[in-house]
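User: Please take me through this structure, and set each term against its definition as you go.

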Amino acid sequence: MICFDNLSKRYPGGFEALKNVSFEMDAGEMAFLTGHSGAGKSTLLKMLMLMERPTSGNLLINGKNLNRLSNSQIPIYRRQVGVVFQNHQLLLDRTVFDNVALPLQVSGYPSSEIGRRVRAALDGVGLLEKEQQKPIALSGGEQQRVGIARAVVHKPRILLADEPTGNLDPELSSEIMALFRRFQNVGVTVLIATHDITLINRMQLRIMHLEEGELTDDGAGYGR
Amino acid sequence: MAAKDRNARDSVQRGASGKKIRFADRWQGYKAHHRDTVRLSLRKLLSEPLQTLMTVAVIAIALALPSALYLTVENIDQLGSHFESSAQITVYVKKGAKPQAVDGLRAKLDAMSGVDSLSYISAKQALLEFKALSGFGAALRDLEENPLPAVFLVQPAVSEPIDMGQIKRLMSKIESYALVDDVQIDMAWLQRLHSLTEMGQKVVVALGAALGLGVLLVIGNTIRLSIQSRRDEIIVIKLVGGTNAYVRRPFLYTGMLLGIFGALTAAIMLYASLLWMSSSVANLAELYQSQYRLQGLGMLGFLGLLGLGGLFGLGGAWIAVSKHLRDIEPK
C-alpha cells in the first residue's frame, strides 16, 4: 500500500530531513513511527500527504508513484488519505458537524449523504450528541476525537496521525489508540507518529524508528 | 433511529465502499455548494459592515468618476448634435426698416429654396424677452431707444451630414438683400465642441483604465486580508482534498459581490447628482429655448456598470487568491 523507495528530502537551507528512507506497509497494516523531535517523523508524514515533495527517491501508494502527480491531481489523491494532527486543526468558527463534514463537502457529496456520513463518523467516536457545538467548548480528548472523525468520514484507505495523543492523559490516549485499532480492523492502513513509548510498547505493533532522518529500524514483521 | 444509526456505523466499518458518487448527485451538490458559498460570502461581508462599507465606497467612487465623465462627454456630444440639426441662421434687419418692407423681406425669405422654416422676432419682442431672461431689465429701462434689432431666424433645410457650402451660399444670398444688416451662423463652435468631446472620450478611457486598476487593487487587497484571516481554513481545506477552485470560490464570490455593490453605489451616486443637476440644466435649456434634458446611464449603461464592477471584483480576487495558492503548493 505504502512504499518508500530510497527517499530523501533536503530543505533549501541544506538541512536533510530524510536520508534514503525505504520501507513498505501492507494494506490494513498499522505501525508506529518513533524518533526524537526533528528526526523526520513529520516530514515523512508530509510526504505521504503530499505537502512536500521528495528531493530524490520515490514514494509509491498502491503502486502509483506520487512524483508523477501534478499539483492539480493532489486533491484527488488526498481524498483517499485521512490525517489526524496533534493540534487537531479544527476550524473554530464552525460547529463540530461542519468540521467533520468538510472532507465530504470538498469532494462534492450531496448534503443528505453528508449528514448521514458525518453522524456515522461522530457516532463512531462517541460524540454524536455534540454535533452542534463549537470545538472550543469541547475537552482536549473530545477535540482530538472530532479530528479523528474528520479524518475517517470519507473512508480513506490510509490514515495518518501526527502525535495524536500528544497532550492527552494516558487513559484518553489508550482510548484514541483503540479507535485507530478499529479502523485498522476494517482494512485501513494506519501510520502513527508518536514518542509515547509506554503506550506503543503495550500495543504489540510494528514500530519504525527514525534517527536524524535515517530509518534505523523498520520493525517489519513485528506484531503481524 | 437507533437501527438507522447502527446501519450507518456498519457502513463506516465496512471501510472503503460506496466511494462513487453519481453524477446527478454530484451536480446537485455542486449547485447547492455554489448557493451556500454565495450566502456565506454575503454573510461574511455583512458581519464586518464598516470594513465592507469602506471598501464599497472606495470602489463606488473609483467607478463613479469615469462614469460621470463619460456621461458628461455623452451629454455634451448630444448637445452638439442637438444644435447641429438646428443650425439656425440669424438675419439682422436694418434698424428703422418700415413694417411693410419687413413683410416684403419675410415673403422673399419664405420663397427662397433651401429655407425650411422662418420665424420673426420684432425689436420690441426681443427687448421684452431680453428683459425677462437676462436680469438687466432695470438698466434697460433707462435707455431711450431700443438697442436691439429685429431678427429673422431662418432654419435652413439641411441634410445630414451638414453641407457647409450650401449653407454659406444661402447666407450670402440673404446678405445681398438691401434690408439685411448682417447674417450670422455659428458653426465653428460646434466643430470645436466636437474635437473637445473627442478628447473627452479619450480622457474617459484613460481615467477609466487607471481607476479600474485602482478597483482591482482595492479588491485584491481586501481579499488578501481576508485570506490572511482564513489561512488555517485554507490549509485544512487543501489537506482534506479541496481543489484550488474550491478554495478560490468563496473569495471570488466575495470579490464579485464587492464589485457589484460598488457599482450599485456608483450608479446611485450618478443618479443622485443627475437629479441634483437636472433642474438647473432645464433652466439653462429654457434660456436657449431648447428642449434639451440631461441623459442618464440608461438601463444598458447601468447593467454595463454592474457587469464591469463584478468583473473587476472577480479579477482582483482571482489575482490575490492565486498568488496565495501558489505560495502553499508543495515543493
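Analyst: I begin with a helix pair: the axes of α10(B) and helix α11 (residues 298-327) of chain B come within 7 Å and cross at roughly 145°, the axes being lines fitted to C-alpha atoms, for helices over the stretch in contact, with angles from 0 to 180 degrees between N-to-C directions. Helices here are DSSP runs (H or I, at least four residues), numbered from the N terminus, and strands are runs of E of at least two. This is a predicted model, in which local features need pLDDT of at least 70 and side-chain atom pairs count only at pLDDT 80 or more, while totals for chains, interfaces and linings use all residues. Residues are numbered from 1 along each chain as its sequence is written, and chains are lettered from A and ligands numbered from 1 in the order in which they are written.

User: What is the handedness of the crossing of α10(B) and α11(B)?

Analyst: α10(B) passes α11(B) in a right-handed crossing, a term used if the near helix is turned clockwise from the far one by less than a right angle, and left-handed if anticlockwise. By class, their contact has 20 nonpolar, nine polar and one charged residues, where Ala, Val, Leu, Ile, Met, Phe, Trp, Tyr, Cys and Pro count as nonpolar, Asp, Glu, Lys and Arg as charged, and the others, Gly among them, as polar.

User: Why is α2(B) called oblique to α10(B)?

Analyst: The axes of α2 (residues 23-47) and α10 (residues 244-287) of chain B come within 9 Å and cross at roughly 60°. α2(B) is therefore oblique to α10(B), as angles under 35 degrees count as roughly parallel, over 145 as roughly antiparallel, 65 to 115 as roughly perpendicular and the rest as oblique. Residues of α2(B) including B:T37 and B:L45 meet residues of α10(B) including B:R249 and B:L257, contact requiring C-beta atoms, placed from the backbone, within 7 Å.

User: What makes up the largest nonpolar core?

Analyst: The largest nonpolar core has 66 residues, and A:L33, A:V100, A:A149, A:L159 and A:F180 have the most contacts inside it. Such a core is a set of buried Ala, Val, Leu, Ile, Met, Phe, Trp, Tyr and Cys residues joined through C-beta atoms within 7 Å, buried meaning that 20 or more other C-beta atoms lie within 10 Å of a residue's own (exposed: 12 or fewer; partly exposed: in between), with C-beta atoms placed from the backbone. The largest share of this core, six residues, comes from α3(A).

How values were computed: Contact = placed C-beta atoms within 7 Å.
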